[in-house]
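Dear colleague,

Please find the structure below, followed by a short account of what was found in it.

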Amino acid sequence: MKTIQIKGVSKVYGYTKALDKVDITIESDRIYGLLGRNGAGKTTLLNLMTNRIFPTEGEILIDGETVFENDRVLGNIFYMTEKNLYPEDERVRNIYKWIKEFYPSFDVEYAKDLSERFGLDTKKRVKSLSTGYTSIFKAVAALASNADILLLDEPVLGLDANHRDMFYKELISNYSESPKTIIISTHLIEEVASIIEEAIIIKEGKLVLKQSVEELLSGAYMVSGEASKVDKYIQGRKCIGIDSIGSFKSATVLEAVNNKDEALAEELELEFGKAELQKLFISLTT
Amino acid sequence: MLIDFNSEKPIYLQLAEAIEDNILKGIFEEETQIVSTTEISVKYKINPATAGKGVNVLVDEGILYKKRGLGMFVSAGAKEKILEKRRNSFYKEYVQSLLEEAAKLSISKEDIIKMIVGGNGIEDNSDKGSK
């Protein structure tokens, strides 16, 4: 059970349309990045996928079955929420045992081992954990859940660089060992750019695109050099993310990489570089 | 092995070249096993599908081969294959770009040859001028 179909889903809160007729098919055993600006509807979408809230219209199917009040289907999805939903006064190690009640394939030993590697003291109560360790605790629970589908909402919130590195590596190794469908919702786009296979970008409740990162990046490139020469090069081309420092300028050209005009760039003494996912994201969502 | 995430070259191609470099340097010997795609993807934090794509480029070229249930191995004659491939692209990748850069700096072909034969050709010239 790993394929998720979101069919014509809308969610309306009073006068606001949090999601507007979204259609997405999430394929099995891939890592997706769910990207969008604050308030774009990312968390609403994740909440809908896990039946925490109900769509105003449309439906969500997992391997063809509705998620609506379907415990068998929901028992295969582990949702790491941004908010803490675990009992505050409970100790971490007790929560691991408690999770096992709901997720029978939860691996307590692996959770303990991961906690140790991250320096998380499992004797501590949830409320006494720092922001970073609260994230680590929730991430450990997700990784050890052995669920077929992992939904990770801002998994590295408050984590230091070292712990983020450890988390991403563990995520990849966990995924390689037992492939699963993973959706990571995050604002740290460049950090996940090489990890995710496909990007799902939403804006104001609507799906902007769902495309493989490789394809997305090969549809653009960066050009830089002396400002007036860059201007000359980009004239008549579709460009985004134009930046200048003094008389140096760089721009991201929205053309396939093989369309770049090498002869002209040579003449103008310009340099080519790789487009950044983050820059494409900004241009697509503003 | 180094991967430059800012490079224009796709990650999977960089990975394939990095493995080739290691074969040329003798770090990965012929008929021995190389690191698994899982190890590669974890170490560089890249999607396993990307790592797999890089490795498959080399499998298609006969530089690596899969042993069922064991992993990836360097083919016999892999080093020679890589050498041949790289020699074929040497002119285009290195000589041509060298000549282009030299033209920008108005360094003549003769100067380049001098540099190749006897170290820093330009300094030699200025020495002669001052004498």
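Tyr86(A), Tyr96(A), Trp98(A), Phe102(A), Phe106(A) and Phe137(A) form one aromatic cluster. Rings of Phe, Tyr and Trp (its six-membered ring) pair if their centres lie within 6.5 Å; planes under 30 degrees apart are stacked, over 60 edge-to-face, and the rest tilted.

This is a predicted model, in which local features need pLDDT of at least 70 and side-chain atom pairs pLDDT 80 or more, while totals for chains, interfaces and linings use all residues. Residues are numbered from 1 along each chain as its sequence is written, chains are lettered from A and ligands numbered from 1 in the order in which they are written, and side-chain values use heavy atoms, without hydrogens and water.

The charged end of Arg237(A) sits over the ring of Tyr233(A), 4.1 Å from its centre. Likewise, the charged end of Lys43(B) lies over the ring of Tyr44(B), at 5.1 Å from its centre. For this, NZ of Lys or CZ of Arg must be within 6 Å of the ring centre and within 35 degrees of the ring normal.

Turning to the interface, 18 residues of chain B are in contact (heavy atoms within 4.5 Å) with 19 residues of chain A. Two salt bridges are counted between chain B and chain A, each a side-chain nitrogen of Lys or Arg within 4 Å of a carboxyl oxygen of Asp or Glu. The side chains of Asp165(A) and Lys45(B) meet in a salt bridge of 2.6 Å, N to O.

Yours sincerely
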